[in-house]
Amino acid sequence: MSDATENTPGNASRNASAHPSASTALREEAAKLDAADGLAGRRESFVLEDEKGERVVYLDGNSLGALPRSVPARVADVVEREWGRLRIRSWTESGWWTAPERVGDLIAPIVGAAPGQIVAGDSTSVNVLKAVVAAIRMAREDNPARTDLLVDATTFPTDGYIAASAARLTGAAVRAIPAGGIPGSVGPRTAAVLVNHVDYRTGELHDLPAITAAAHEAGAYTVWDLCHSAGALPVGLDEHGVDLAVGCTYKYLNGGPGAPAYLYVRRGLQPRFDSPLPGWNSHADPFGMSHEYEPADGAPRGRVGTPDILSMLALEEALKVWDGVDMAAVRAKSLALTDFFLRCVESYVPAGRVESVTPAEHARRGSQIALRCADAGEVMAELVARGVVGDFRRPDVLRFGFTPLYTSFADAELAARVLGEVLAERDA
């Protein structure tokens, strides 16, 4: 029996409500899958206990990743020595000034990019604005008649807000299109498309290669939001010729609450990248204090102001857990975990009580399972109380994120079993 099962409040293993033989078989299968898991050793690199020191089943890494164990000591050193002792000398002696590009290069292999194309810093929202405005400006340089900004209709709300603001800044017009319909909707008036790689509610994976290719064929530029895909599956930014991309680092990349986001600008477009937020940090000569703006070359052109050093260096340390990780193995485990979880849900949960809104096809699935449930808010609260942590999205969605570096098959089995017990008790 896994330590997750033994340490879960209420010890659900002693009161499985139905199908005892199926429960035993699924637990045994989970143990075999965990024993054969090539990523299982990464689990010990994370803090997965609660405030009482008991292990929890943490399936909310798609909102906030777990803490890598090495981060607290690194942050303490940054605060006590680099800031406390070296003080301003740390901008050069501790490498603070170059941290945004250095951290960007650590993110690069996770999203399939060569070095020198990603800069870490600011928030995802700020980077969306930079990328979308820059994409429209480039399109307008190519052809002033390009006035349309296509946005996937189910986009994360903030992306939609920023797209509307970018349109006001540039004189473009926003058109909301279902992601699957974008390839058939791009045309001679399209300047840029903004798409979430994975839908934050349903976990649906959108077709990055096809949408990017269609946009390019029409002469438009692409901006991809990778918040729910980076660290969960291969992205292939360079392979598929993506123009610009943004993402956060506090989900599957485990950078911590409010960790810096990042901006990718394809190398061939960097000389043309015209940020709507030019700042002294992105100046070719930042300490020259010129009144005229001259953008830096390469990835630093995406910087704005002084980086958030404490969170930046915590992120840098957190990214060490990715050393030697094969993203293909991450994707294979993600799909195996979500497949197994759905099988367990089918076995444990009363028939008709929940409905998966996550696509069953692997090619259309990210690394989360979203279950529609009429009383989802109350159910999730009870799950959390019993040591199974997912989240609730209004009005009726239970959302479970599977982080391959630290989620086990035993976690998936136990989460489904506790879910079945909670629903059975509520219906009794």
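Trainee: Which residues of helix α8 (residues 208-217) are buried?

Mentor: This is a predicted model, so every value here is computed from it. In α8, the buried residues are L208, I211, T212, A214 and A215. To be called buried, a residue must have under 20% relative accessible area.

Trainee: What puts them on the same side of α8?

Mentor: The arc does. They cover only 165° around the axis, which puts them on the same side of the helix.

Trainee: What do the buried residues of α8 pack against?

Mentor: Two strands: β7 (190-196) and β8 (221-225). Contact here requires heavy atoms within 4.5 Å.

Trainee: Turn to helix α2 (residues 20-35). How do you know that its span agrees with its number of residues?

Mentor: Take 1.5 Å a residue. The 16 residues of α2 should then span 22 Å. The end C-alpha atoms are 23 Å apart, which agrees.

Trainee: Which residues of α2 are buried?

Mentor: S23, L26, A30 and D34. They cover an arc of only 70° around the axis, which puts them on the same side of α2. On the other side, S21, K32 and A35 are exposed. Exposed requires over 50% relative accessible area.

Trainee: What covers the buried residues of α2?

Mentor: The cover includes α10 (327-348) and α12 (409-427).

Trainee: Why is strand β15 (residues 397-401) called largely enclosed?

Mentor: Count its buried residues. Five of the five are buried, so β15 is largely enclosed by the rest of the structure. Both faces are covered. V397, R399 and G401 lie on one side, L398 and F400 on the other.

Trainee: How do you know that strand β12 (residues 368-372) pairs with β15?

Mentor: Count the bridges. Pairing needs at least two. β12 and β15 have five, in the antiparallel sense, so they pair. A370 stands opposite R399 in β15.

Trainee: What makes strand β14 (residues 391-393) a partner of β15?

Mentor: Three bridges join β14 to β15, and the two run antiparallel. F392 stands opposite L398 in β15.

Trainee: How many residues lie between β14 and β15 in their hairpin?

Mentor: Three.

Notes:
Residues are numbered from 1 along each chain as its sequence is written. This is a predicted model: local features need pLDDT of at least 70, side-chain atom pairs count only at pLDDT 80 or more; totals for chains, interfaces and linings use all residues. Side-chain values use heavy atoms; hydrogens and water are left out. Buried means under 20% relative accessible area, exposed over 50%, partly exposed in between (1.4 Å probe, protein chains only). Helices (H or I, at least four residues) and strands (E, at least two) are DSSP runs, numbered from the N terminus. The arc is that of the directions from the helix axis to the C-beta atoms. The expected span of a helix is 1.5 Å times one less than its number of residues.
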